[in-house]
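Please look over the sequence and the structure shown here. The paragraphs after them go through some local features one by one.

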Amino acid sequence: MLRFLITLCLSFVALVAPARAAAIDAATLAQVDAIFSRWALDAHVPGMAYGVVADGRLVHFGGLGVQSIDGRKPVDRQTLFRIASMSKAFTALAILKLRDEGRLLLDRPAETYVPELRGWTYPTSDARRLTVRDLLNHSAGFVDDNPWGDRQQSLPEADFTAMLRAGVPFSRVPGSAMEYSNFGYATLGRIVSNVSGKRYQDYIGDTLLRPLGMTSTTYDIARSPLDRRAIGYRWEDDRWVREPDLADGAFGAMGGMETSAEDYLRWIAFLLSAWPARDDADAGPVSRATVRSIVEGSNFATGTMRAVAIGGAPCRQAVAYAMGWRVIDDCDLGRVVTHTGGYPGYGSVVMLMPDKGVAIFAFANRTYAAPYVPAFRAALALQSAGAIADRAVPVGTGVREAYDAVARIWAAGDVLAARDRLAMNFLLDRDAAHWKADLARLRTSVGACDTSAPPNPQTAMGARFQWTCEHGRIEGSLLLAPTPRPSIQELKLAVAQP
């Protein structure tokens, strides 16, 4: 039966621009499928949906197993899963939208918007009042409450009001460290309701879900079509046991959303469309600049080794919690913006790689079965195959002019050949005579060079480059000064090492 459930349904959908689709070949996609299939089997997952999104389109989709043990309907793109804490990203963006509209300030005490917090007792007499930003960044001083918080989903609003009025014990003073709090995000949901004048769930629907066309996404699972729902199970005593459904309630802002792969794609596409910054019309329900701000950490960054189970070379990651997202600087993938979801009956993960325009997501209907390891493995497989790469930075006019000046310097063997392009510090840092000797030594070492190769911009103000020469290669970089007319503040040239 287990083999039947896991292998019942696997599909591929190619819906992408030719350039990106050609970059991800069938063999690499088969590797991605194998990664998720093996994990689903080993993790005892009844059903699972996963996808790869690139340039705003679903380039690969996999449906494994079934929506329910009894019905045995295959998982597909319309199957509805609870995504648990991945709901927090919607809450955070709603807060930022209200901030943009001038209706709240992130650094104001949260009690400004939730009056019940005003009578709280703080852990020390010198503790500051917790702010809205503290709640966003999980730095409000609340205790890590994953087991307890997940079971508060159905709490009535009146009971939550009473809880807020009574106050909660603190784990530490606000603003002193990051500690994950479902209670904190439920409080953000109350802020959204109080400031907007709408029930949290209605505000999310009106301002984010419907504008993005996420018509099947909801918080009230009692109203979602039963024939499309992935039923939640836990694996206990070598069998699947049905988890009770948790109704919509006051803690919806921390983890109550139910969505499908088809709907969630629209959310991912919207988020990724904020990168890179550009001059195009900004037509989203929230500005691109605001979306990009979700990756700004709370300055409680930590260093941790990448999980051994993921594989690959040992990698020490820098990790910080931002606004509804965990931001990782990974050795192989670069910037990864991610969140998992764990819930009675469900587990989920999303990985955004905004500098590449690529994302991976996965939903499963087994308790706390967040498919983080296979998602990360799949991303590394795509990276290893050369299927995903950082978006190229365009060559700006200033960098192009500076690069042309470097070619003149090389041809003449003298930095004074482009004196009009040198910033005021350039010759003060190393004079023309020493530069001339350096250039002569390099030219003797490698011979004539082809300087027509285009530069590789790192930003609008700097670039790296490489020249092929008679007896070797020259590796270089240039950095512009912050002057109205483009000028070179730093130039580095060296013989490439084997």
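**Loops, strands and disulfides**

Asp238 sits in the loop between β4 (233–236) and β5 (239–242). The model is a predicted one, in which local features need pLDDT of at least 70, side-chain atom pairs count only at pLDDT 80 or more, and totals for chains, interfaces and linings use all residues. Residues are numbered from 1 along each chain as its sequence is written, and side-chain values use heavy atoms, with hydrogens and water left out.

Asp238 has a phi near 60 degrees, a positive value in a residue other than glycine. Is Asp238 buried or exposed? Its relative accessibility is 68%, so Asp238 counts as exposed. Here buried means under 20% relative accessible area, exposed means over 50%, and partly exposed is in between (1.4 Å probe, protein chains only).

His138 also has a positive phi, near 60 degrees, and is a residue other than glycine. His138 belongs to the loop between α5 (132–137) and α6 (146–150). With a relative accessible area of 2%, His138 is buried.

Another backbone feature is the peptide bond from Trp275 to Pro276, which is cis, with omega near -10 degrees. Pro276 lies in the loop between α11 (261–272) and α12 (288–292).

Next comes strand β11, residues 346–353. Why is β11 described as largely enclosed by the rest of the structure? The reason is that 8 of its 8 residues are buried. Both faces are covered: on one side Tyr346, Ser348, Val350 and Leu352 are buried, and on the other Gly347, Val349, Met351 and Met353 are buried.

Strand β11 has paired strands, where pairing requires that DSSP finds at least two bridges between two strands. One partner is β10 (residues 334–343), which pairs with β11 in the antiparallel sense over 7 bridges. Within this pair, Tyr343 stands opposite Tyr346 of β11. The two strands form a hairpin with 2 residues between them, and Gly345 in the turn has a positive phi of about 100 degrees.

Strand β12 (residues 358–364) is also antiparallel to β11 and is joined to it by 7 bridges. Here Val350 has Phe361 in β12 as its bridge partner. This hairpin has 4 residues between its strands, and Gly357 in the turn has a positive phi of about 75 degrees.

How many disulfides does a search of the whole structure find? The search finds 2, a disulfide being a pair of cysteine sulfur atoms within 2.5 Å. One joins Cys315 and Cys331, with the sulfur atoms 2.2 Å apart. Cys315 is in the loop between β7 (302–305) and β8 (316–321), and Cys331 is in the loop between β9 (326–330) and β10, so the pair ties together parts that are 16 residues apart in sequence. The torsion about their S-S bond is about 100 degrees, so this disulfide is right-handed. Cys315 counts as buried at 1% relative accessibility, whereas Cys331 is partly exposed at 48%.

The disulfide between Cys449 and Cys469 has an S to S distance of 2.0 Å. This pair links distant parts of the chain, 20 residues apart: Cys449 in strand β13 (residues 449–450) and Cys469 in strand β15 (residues 462–469). The link is right-handed, with 100 degrees about the S-S bond. Both Cys449 and Cys469 are buried. Counting bonded cysteines along the chain, the disulfides follow the pattern 1-2, 3-4.
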